[in-house]
There are 2 protein chains.
Amino acid sequence: MTLGTPPVPTSIVGDWGTSHLRLFLCAGDAVIDRRRGPGLASIAATRQPFEQAFRETAGNWLSDHPCLGATLCGMVGANVGWTEVPYVECPVDPGRLAAAQVRLTAAGIRVAIVPGLACINHLSVPDVMRGEETQIVGALALDPKLALGRRIICLPGTHSKWALLNDGMIERFTTGLTGELFGALRQHSILLHGAATDGCDTDAFDAGVTRSIEAGAAQLPFLLFETRSRQLRGGMTASAAHDFLSGLLIGAEIVSAGASVCSDAPTSDSVVFVGEADIVDRYARAFAAIGRNATTIDGEAAALAGLNTIQRMTTCS
Amino acid sequence: MTLGTPPVPTSIVGDWGTSHLRLFLCAGDAVIDRRRGPGLASIAATRQPFEQAFRETAGNWLSDHPCLGATLCGMVGANVGWTEVPYVECPVDPGRLAAAQVRLTAAGIRVAIVPGLACINHLSVPDVMRGEETQIVGALALDPKLALGRRIICLPGTHSKWALLNDGMIERFTTGLTGELFGALRQHSILLHGAATDGCDTDAFDAGVTRSIEAGAAQLPFLLFETRSRQLRGGMTASAAHDFLSGLLIGAEIVSAGASVCSDAPTSDSVVFVGEADIVDRYARAFAAIGRNATTIDGEAAALAGLNTIQRMTTCS
């Protein structure tokens, strides 16, 4: 860091989800400081007022920079959040998303909350997201060629969101339950015992992906039990079984998406995966296994770029 | 019940699984008395000796009928059981299964434990069962035409077992994880909240089955989230969502099995589902939705018929 005039903060932005409040003090897109507070689950359990939790997390930022309001995305805008922010129907572009923010002032704190999105997905049923829309806006800011033509962007996590972009508009999206499935099976099934090793056992992961590709995603109800039978009869270690199951599940989602969601953008040269390094690397690896190109964008960088893009689109009030 | 000579007990048989020990005192195939004791999970937790738990459950049966040994099936023969009974490799017929029982005498109690089965399944990987093999023997005894030609028998439960019978031999089988998936998602996901109503909401169940048939089992990673989005945006009640999810999962398994396992027996006029009434009715209903015939056999009746068939095949020692 060079000495000199300290950067002047231009925004307080944050993602307030079920597990955490992540707050950032920014100068442009650069993060000056970051703080973490309680998620919505904790707020619901303790019945702490939202404004109190926000004030305790932001601390001296509010008194040091009294002109800065905050821009927040995530479940904070759900019906169990600070205030309910109605879903915006797709197709939508970043400008309309920014215009649909809901503002509130509580105990002297000025907050704008980014709405979630609703659509009819590729299976012709309603689908929703809250938080990922902001990461999509950020990905468009970080990689402007994403705004050209029809593109697929995937945001893996507890729920994976596969969105179709059309000339920079979010046309529609579909939710995959893979992350939550993995978590539920890891903790509450006979498939896995003991701890996984740190990192990814790529041999075991690739074996799982290969099984889903070979057998087809439709065989997933039967493929899952292989995680156990290979430990009982195939010499697989309990530790490798974690990544084998991860490969089976992510592989099935990739095969399924490759044959459905991705056909919405047949001319797109690659899919962009946005999220935490470990998980996007797994998705990109499985995507390569079906012969498709993938690029990745860090999830926090996308969230920050999206929040700051939306914050800058907002007319000062 | 007619007065007269009380029936003479001919066997003590039982299913000793993870959750329960279920013991039956029988005269031929008729149950004279039944008792319930601790499952293997409880035995492991309390470190109670198996012979003590068995003696406390059987009680006066042992002193009143000292000539009767017991025939047991289930996880009691696993490596965490009373004694480990090696898997028998398929193909196998009831006679070879009976001959492979492992006998033990502990504290004066004589017990024979039915082995589990191992095979290479329709996806060309190892598969295993313990307990269901005895129900298959029972189904063959209760419905002798099952022993003619190639037949599919399915035993749904926590794990569903789809077995191919060939002239009364168990050729191979495949395990579906649907029951465990439903349990894990019911208790540990955002899909369901609150209690299900008693019984089956058949409209909601059928809607789930229809979605898996229409979209295809390969879309399951995306279909599951519909359970939530239909509650948020489609007016589905929290109670109906339980049976919708059940329909999605059972529907996906049925579609998947119909296109794979069942093609092993293309001339079979129907599949036999063996298990508890609520669950086999759901499977038969979903099977009818793909245009296939199904019959059902009560799971306890099949277990009893299997245990008594195996017990009668056993030379007295």
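This is a predicted model: local features need pLDDT of at least 70, side-chain atom pairs count only at pLDDT 80 or more; totals for chains, interfaces and linings use all residues.
Local features need pLDDT of at least 70, side-chain atom pairs count only at pLDDT 80 or more, totals for chains, interfaces and linings use all residues, and side-chain values use heavy atoms, with hydrogens and water left out.

**Stop 1: where the chains meet**

Show both chains and look at the boundary. Here 48 residues of chain A are in contact (heavy atoms within 4.5 Å) with 48 residues of chain B. Together the two chains bury about 4000 Å², 70% of it on carbon and sulfur atoms. Buried area is the accessible area (1.4 Å probe) that two parts lose on being put together, summed over both.

Now select F222(A), F225(A) and R233(A): they supply 19% of the area that chain A buries against chain B, more than any other three residues.

The term stands for a side-chain nitrogen of Lys or Arg within 4 Å of a carboxyl oxygen of Asp or Glu. Between chain A and chain B the count is 2 salt bridges.

Next, colour chain A by element. Those giving two or more residues to the side that touches chain B include β12 (169–176), α6 (178–188), α7 (202–215) and α10 (238–259) of chain A. Helices (H or I, at least four residues) and strands (E, at least two) are DSSP runs, numbered from the N terminus.

**Stop 2: two helices in chain B**

Select residues 202–215 and 238–259 of chain B. These are helices α7 and α10, which pack at an angle of about 35° with their axes 6 Å apart. Axes are lines fitted to C-alpha atoms, for helices over the stretch in contact, and angles run from 0 to 180 degrees between N-to-C directions. For side chains to display, F205(B), V209(B) and I213(B) are among those that α7(B) brings to the contact, while F244(B), L248(B) and V255(B) are among those from α10(B).

**Stop 3**

Which residue forms a salt bridge with R34(A)? Select E300(A): the closest N and O atoms of this pair are 2.8 Å apart. R34(A) lies in strand β3 (residues 30–38) and E300(A) in helix α12 (residues 299–313) of chain A, so the pair ties together parts that are 266 residues apart in sequence.

**Stop 4: backbone details**

Most residues other than glycine have a negative phi, and most peptide bonds are trans. Zoom to C90(A) and P91(A), where the peptide bond is cis, with omega near 0°. P91(A) lies in the loop between β5 (88–89) and α4 (94–99) of chain A. Over in chain B, a cis peptide bond joins C90(B) and P91(B).

Finish at S124(A), which has a positive phi of about 65° although it is not a glycine. S124(A) lies in the loop between β8 (117–120) and β9 of chain A.

Technical notes: Residues are numbered from 1 along each chain as its sequence is written. Chains are lettered from A and ligands numbered from 1 in the order in which they are written.
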